[in-house]
Amino acid sequence: MNLALEYMRKIAVAPILILLFSCSKSNDVTEYTDVPVNTPLTFNKPSNFPSAAYNFQNNPPTKYGFELGKKLFYDGRLASDGVVSCGFCHIQENAFTHHGHTISEGVNNQRGTRNTPPIQNMVFQTSFMWDGAANHLDLQPMIPFTSPIEMNGNFDTALNMMRNDAQYKRLFELAFTDKQINSENMLKALGQFMAMAVSSNSRFDKYRRNEPGGTLTQDELDGYAIFNNKCASCHATDIFTDNSFRNNGLPINATVNDIGRYRVTLLDVDKYKFKVPSLRNIEVTAPYMHDGRLATLDAVLNHYSSGVTATQNLDPLLNNGGTLGIPLTDVEKAKIIAFLKTLTDNQFLTDKRFSEF
């Protein structure tokens, strides 16, 4: 843990350098009989995306760093029960969410209180988790890894396991110049894997970039216009989040009473605020909201049109002179959903670079 904390100290004072990345594929690494050259993974930022927020200078993705991160991501041995890996709850075909689970289960079938967020386009975001408990991608895995409910992992135990595993020993040697199997390199490798998880080839993206296959129907175009008028102030840019924390008027669950962002800041103004999620691949990431209470996109839009409640710190955008919510007709809802489905990126959902096998 000391090495991880030292890494946290170093990145906190590092200058931010935005690099441009591309989505070119690299071959899966399953054997190491080739010349062990740890080549950089380079790609160009999608032209319709905003600038990256991640500091690649401190942790540039490489062939073997990425492959190590991928192995760590899918290794259940990191958890106390030997089963619950990161990939246990973050399933690729569902944009790395736990599709069908309102809240996810961790070790020993324990249940938390929140829905699993997606892993996609994280280098363009400034904070992570529903309450923003992590503000650096390389440090985010510490939260689920050490959580008694999620993985209940222990750094000393995990590192000892890896030091006695021939494949891990070889990957750490190839991935990092210091060749050390330690918590800092472990977190860096996971950061590299997640940093490369960019979803940018949906039909909407091709429409935005005027590429072949980017034709939208009239209903989808209408939905995009309605979305821009009524939703895009929060779900902003082509990442579809403004990285803010807001209270969207969900009725408070008295049993759980999840106070959201307040858990991190201890500021009353942050009670019941949660991170505005990206809407990319939203078609395949149900259920929705921080606690998975809404099962369908229809239910989500019905909430915004007629289900918003005046809870503490309700976002002002959802209170128009005492009228709560966003006025939406049934036709407008149908067209918004038609548009949202154009954000499904099947290339990302099936990309073998990110697959366990």
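Mentor: Let's start with the inventory: this predicted model has 13 helices and four strands. The protein runs to 357 residues, and 54% of them count as buried. Take the contacts between residues at least 6 apart in sequence: 69% of those join residues at least 24 apart.

Now for the close look. When two helices pack, you describe them by the angle between their axes and the distance between the axes. Our pair is α11, residues 297–307, and α12, residues 330–340. Their axes come within 10 Å and cross at roughly 130°. An angle over 145° would have made them roughly antiparallel, and 65 to 115° roughly perpendicular; α11 and α12 are therefore oblique to each other. The crossing of α11 past α12 is right-handed.

Who's actually touching? On the α11 side, look for Leu297, Asp298, Leu301, Asn302 and Ser305. They meet Lys333, Ile336, Ile337 and Leu340 of α12. Sort the residues of this contact by type and you get five nonpolar, two polar and two charged. So if you click through them, Leu301 and Ile336 are among the nonpolar ones, while Asp298 and Lys333 are the charged ones.

Have a look at the peptide bond joining Ala286 and Pro287: it is cis, with omega at about 0°.

While you're checking backbone angles, two other loops deserve a stop. In the one between α3 (86–89) and α4 (142–146) you'll find Asn108. Its phi is near 55°, a positive value in a residue other than glycine. Asn108 has 60% relative accessibility, and since the cut-off for exposed is over 50%, Asn108 counts as exposed.

The other stop is Lys179, in the loop between α6 (166–175) and α7 (183–195). Lys179 isn't a glycine either, yet it has a positive phi of about 60°. Its relative accessible area is 48%, so Lys179 is put down as partly exposed.

Definitions and conventions
Residues numbered from 1 in each chain as written. Predicted model: local features only at pLDDT ≥ 70, side-chain atom pairs only at ≥ 80, totals over all residues. Heavy atoms only, no water. Axes fitted to C-alpha atoms, helices over the stretch in contact; angles between N-to-C directions. Parallel < 35°, antiparallel > 145°, perpendicular 65-115°, else oblique. Left-handed = near helix turned anticlockwise from the far one by under 90°. Contact = heavy atoms within 4.5 Å. Buried < 20%, exposed > 50% of the residue type's maximum accessible area, 1.4 Å probe, protein only.
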